[in-house]
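Colleague: Before we discuss this chain, may I see its sequence and structure?

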Amino acid sequence: MTSATIRALFFPLVFLVLTGCTLPAMSISQNKESKLFAEGLDRYITTSDPTTLEQLPLLYPQGEWRVRAETILDLADQKLQHQALLDSNKKELAECQDEKKALDQDNKMLEGTLNQLKEVLIDTELKAK
């Protein structure tokens with residue numbers, strides 16, 4: 001094919017692919033593994049349920065989508081671990097904030113007591129003169 005022919009066919013072929021039409025020679029067969037991966041990914045995206053993706057490596061241990069499914073499952077596990085750590089940190093932060101409030105109240109009370117003691121000291125020094 002000449003470059004002029006390729007250029008002339010490029011846009012019509014792109015149009016056909018983008019609109020969902022395929023030429024017989026360009027059709028891509030979807031096997032059961034691909035369908036299972038697509039279903040599992042859809043289910044995980046919509047419901048965060050990894051069950052279908054977990055089945056894929058078991059059913060197709062040498063499959064082309066196994067690595068992708070395992071990667072998604074690893075990322076999902078990391079997400080759960082990070083969420084648990086975040087929840088733990090939020091709980092710890094709330095406890096620290098409660099403790100800070102209690103310490104602030106104690107500090108105000110101690111400042112008031114210190115001011116009263118200063119007044120007593122001044123009064124005692126004035127009476128001593």
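The discussion below takes the helices, their packing and the core in turn.

Modeller: This is a predicted model, in which local features need pLDDT of at least 70 and side-chain atom pairs count only at pLDDT 80 or more, while totals for chains, interfaces and linings use all residues. Residues are numbered from 1 along each chain as its sequence is written, and side-chain values use heavy atoms, with hydrogens and water left out.

Colleague: How many helices and strands does the chain have?

Modeller: The chain has 4 helices and 0 strands. Helices (H or I, at least four residues) and strands (E, at least two) are DSSP runs, numbered from the N terminus.

Colleague: Why are α2 and α3 called roughly antiparallel?

Modeller: The axes of α2 (residues 32-47) and α3 (residues 51-59) cross at roughly 155° and come within 8 Å. Axes are lines fitted to C-alpha atoms, for helices over the stretch in contact, and angles run from 0 to 180 degrees between N-to-C directions. Angles under 35 degrees count as roughly parallel, over 145 as roughly antiparallel, 65 to 115 as roughly perpendicular and the rest as oblique. The two helices are therefore roughly antiparallel to each other.

Colleague: What makes up the largest nonpolar core?

Modeller: A nonpolar core is a set of buried Ala, Val, Leu, Ile, Met, Phe, Trp, Tyr and Cys residues joined through side-chain atoms within 4.5 Å. Buried means under 20% relative accessible area, exposed over 50%, and partly exposed in between (1.4 Å probe, protein chains only). The largest such core has 9 residues: L36, F37, Y44, L53, L56, A69, I72, L73 and A76. Each of α2, α3 and α4 supplies at least two of its residues, and α4 gives the most, with 4 residues.

Colleague: Which residues is A69 in contact with, leaving aside its neighbours within four places in sequence?

Modeller: A69 is then in contact with F37, L53, L56 and P57.

Key:
Contact means heavy atoms within 4.5 Å.
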